[in-house]
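Hi there,

Here is the structure I promised to pass on. Have a look at it first, and my notes follow below.

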Amino acid sequence: MYPELISRPDIKVFLPPIGGLTVYIWGDPDTIPDEDIELTCRVHDECNGSDVFGSDICTCRPYLTHAIEECIKTAQRGGCGIVIYYRKEGRSLGEVTKYLVYNTRKRQVGGDSAANYFSCTEQVAGVQDTRFQALMPDPLHFLGVTKIHNFISMSDMKYNAIVETGIKIVNRVEIPPEMVPDDAQVEITAKVFHGYNAGEAYKGIGEDELKATKGREYAYDGKQDGDATTVAAAATAATEKEDVSSKESKN
């Protein structure tokens, strides 16, 4: 498949055509193939809204932050840390589609809820996910990974794709509950209920928690439940301020 490996002995570094990703490494890369040396890894799919702009509707940014922290700690212990950052925005549905899903979640009757988390994606995109995970482990094999001691992910899709290619995973590390934003409780509750690896931190999430978990409410109609008086008072105050400013400018 890659004849250069045989025909070009002068090549010291060979990068196969695996596009759409960036690999970040902490520690000594030479230790990666050694199964006796600790290796921490996260395969992260791009989330521009959270990773870059700090949206708190999902766990992407804090989970990535946690992974980087754990990779650094591993490197400090003499091991190695790897984060593979894939350009699979919005479960490969794209950024615009993802924001349409967010909009649907927030504007639906009853507001954002864990019970309707996945159905909103299907309503907008027709499917829940378009990521193809079969080739996802390729960069790990290119790096010489045969054993991951700490896999920073709760996704069964990613876990299964990796172990099915022969890479061993020892520990699966969930995101610490204190790092999950309030508005992202909808996401984490829905994912755990529907089969994501719960770890010790999220055991016991059942149907009651699924139905009870709601996201932040927004005043799309200019008022919120129980807060109509506050909104009206604010509007009145703003109008009075404009009137005063207008009179002062005339004087």
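Leaving aside its neighbours within four places in sequence, which residues is Gly79 in contact with? Counting contact as heavy atoms within 4.5 Å, the partners are Trp26, Gly27, Asp28, Thr31, Ile37, Glu38 and Thr74.

Before I go on, a word on the source: this is a predicted model, in which local features need pLDDT of at least 70 and side-chain atom pairs count only at pLDDT 80 or more, while totals for chains, interfaces and linings use all residues. Residues are numbered from 1 along each chain as its sequence is written, and side-chain values use heavy atoms, with hydrogens and water left out.

Back to Gly79. You will find this glycine in the loop that joins helix H3 (60–76) to strand S3 (80–86). Helices (H or I, at least four residues) and strands (E, at least two) are DSSP runs, numbered from the N terminus. Gly79 is buried, at 4% relative accessible area; buried means under 20%, exposed over 50%, and partly exposed in between, with a 1.4 Å probe and protein chains only.

For the overall picture, the protein chain has 10 helices and five strands. Of its 251 residues, 38% are buried. Among contacts with a separation of 6 or more, 70% are between residues 24 or more positions apart.

The loop between S3 and helix H4 (95–107) also deserves a look, as it holds Arg91 and Ser92. Most residues other than glycine have a negative phi. Arg91, however, has a positive phi near 55 degrees, and Ser92 has one of about 70 degrees.

Finally, turn to helix H5 (residues 117–125), where Tyr117, Phe118, Cys120 and Thr121 are buried. These four lie on the same side of H5, because they cover an arc of only 155 degrees around the axis (the arc is that of the directions from the helix axis to the C-beta atoms). What covers them includes H4 and helix H8 (185–193). Just after H5 comes Gly126, with a positive phi of about 90 degrees.

Happy browsing, and do write back with any questions!

Best wishes
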